[in-house]
Amino acid sequence: MKTELRALTSVRGIAAWLVVLFHIRHSIAGLPATAQAVLAKGYLAVDFFFLLSGFVIWISWSDRLRDGGAGRITEFLQRRIARILPLHLFMLAVGLCLALALRMTGRDTPQFPLAELPLHAMLLQNWGFTGALSWNDPAWSISCELGAYLLFPLLVFAIDWRRVPAAAILVAIGALMLLLHMVFALQGAATLGEQIPRLGLIRCILEFACGTAIGALWLRWRERWHWPACASAAVALFLLALWTSGILSETLAVPAAFATLLLALALSAGRPGNPLDAAPLHYLGEISYATYLGHFLLWFAFKLAFVGDAHAVGWPMIALYAALVLASSAALYHGIERPAQRRLNGLSLGRPRPISAAESR
């Protein structure tokens, strides 16, 4: 993809902050019941991440993998690992420091099981080897993304979405969404946030695959974008209405709604007057990976330092924490994430070539 779709980067930043609010919602003093209920569904932002990841990676890499052979596959995996691993390992080291500090002061550390640390270091913790989230909880999705990256070259060589009729692509997306719903139903999971250690990997892979198909639709319709964008937005709203009214289950309606919403957002990106193209929102998206991976352990440390055992945290302290998340996200992005990514991308493991800003995301 030669030109970044800035609106999608901005949405990624908004989604990351929904996850932040999801994790702290029970501690916000005086939060209205309606807001509590909305934030309780913040974990669904991860499903949008999975779809968006498949979309961007298919557009950026499918042609090059198909035309470049084994060297390109090595390069692809190198760049994806360089994208996700350094910051993950840094945050894991932060978690280890917290665990050691707690143990030295005689406190229990159930959040930090040392026996599972090697799995987390290798990003294998959510491949069915563990029974609960631990260490840096949000990293479960990064573990699943690694699985999707490893399977992506197989998908590229198995099917070329460019040669598939648009109607067939829509049917394939629907079939993948239905399969996801059936897997969760067979496991007795009524929501997408249930049984993450067991179902997170399949949730990621199926939504990632849907994202690649959405990328193919975007390439076909981006020049005559208006009606497909309006129709996709309308379908997304209709599906969300069916879900909130209880007619459709979350495991069926929400991924399908997010898929159509992603297509609508991609088709309308870069159009005049799009508020999602604004520079502040775009920057939130730029640092969103650091926000996503950094906020959970920061909240853990923040509570230890300032809150203690209090269950209700006042708005001034919540505002302080939000400011710390924003500042730490910028610091992690510029100080850890990007420098480490550039260094690892510079290693000559595959065919060396410059990397564009859009491809690094």
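Two residues are in contact here when they have heavy atoms within 4.5 Å of each other. Keep that in mind as you click through this predicted model, in which local features need pLDDT of at least 70, side-chain atom pairs count only at pLDDT 80 or more, and totals for chains, interfaces and linings use all residues. Residues are numbered from 1 along each chain as its sequence is written, and side-chain values use heavy atoms, with hydrogens and water left out.

**Stop 1: E250**

Select E250, which sits in helix α10 (residues 250-268); helices here are DSSP runs of H or I with at least four residues, and strands are runs of E with at least two, numbered from the N terminus. Is E250 buried or exposed? It counts as buried, because its relative accessibility is 3%; buried means under 20% relative accessible area, exposed means over 50%, and partly exposed is in between, with a 1.4 Å probe and protein chains only.

Now show the surroundings of E250. Leaving out residues up to four places away in sequence, E250 touches K41, Y43, L44, A190, T191, L192, G193, W243 and P255. Zoom in on the side chain of Y43, with which the side chain of E250 makes a polar contact at 2.8 Å. Such a contact is a pair of N or O atoms within 3.5 Å; within protein, one must be able to donate a hydrogen and the other to accept it, and residues adjacent in sequence count only if both atoms are side-chain atoms. Then turn to L192, whose backbone nitrogen lies 2.8 Å from a polar atom of the E250 side chain.

**Stop 2: the largest pocket**

Next, select L18, K41, L44, A45 and F258. Of the 16 residues that line the largest pocket, these lie nearest its centre. On a 1 Å grid over the protein atoms alone, a pocket is an open set of points with protein on both sides within 12 Å along at least five of seven lines, and lining residues have an atom within 4 Å of a point. The volume of the largest pocket is about 390 Å³, taken as the space filled by probe spheres set on the points, which are joined across faces, edges and corners.

Colour α1, α3, α9 (226-244) and α10, each of which supplies at least two residues of this lining. Which of them gives the largest share? That is α1, with 4 residues. By class, the lining has 14 nonpolar, 1 polar and 1 charged residues; Ala, Val, Leu, Ile, Met, Phe, Trp, Tyr, Cys and Pro count as nonpolar, Asp, Glu, Lys and Arg as charged, and the others, Gly among them, as polar.

**Stop 3: the second largest pocket**

The second largest pocket has a volume of about 310 Å³. To find its centre, select F22, H23, L133, D137 and F296, the closest to that point of the 19 lining residues. Two or more residues of the lining come from each of α1, α8 (196-221) and α12 (288-307), and α12 gives the most, with 5. The classes here are 12 nonpolar, 4 polar and 3 charged residues.

**Stop 4: the nonpolar cores**

Now pick F55 and F152. In the largest nonpolar core, which has 90 residues, these two touch the most other members. A core of this kind is a set of buried Ala, Val, Leu, Ile, Met, Phe, Trp, Tyr and Cys residues joined through side-chain atoms within 4.5 Å. Helix α3 (residues 45-68) gives the most to this core, with 14 residues. Another core lies apart from it, with 13 residues, among them W17, I24, V307 and I318.

Stay on α3 and select L65, which is buried because its relative accessible area is 0%. Beyond its neighbours within four places in sequence, the contacts of L65 are R72, I73, F76, F152, P153, V156 and F157. The C-alpha atoms of L65 and F157 are separated by 8.4 Å, although the two residues are 92 apart along the chain.

**Stop 5: two loop residues**

Finish with W135, in the loop between α5 (117-121) and α6 (139-158). Its phi is near 55°, a positive value in a residue other than glycine. Then jump to Q195, between α7 (166-186) and α8, where phi is near 50°. W135 counts as buried because its relative accessibility is 1%, whereas Q195, at 25%, counts as partly exposed.

Conventions:
1 Å grid on protein atoms, 1.4 Å probe; cavity = no way out; pocket = protein on both sides within 12 Å on 5 of 7 lines; lining within 4 Å.
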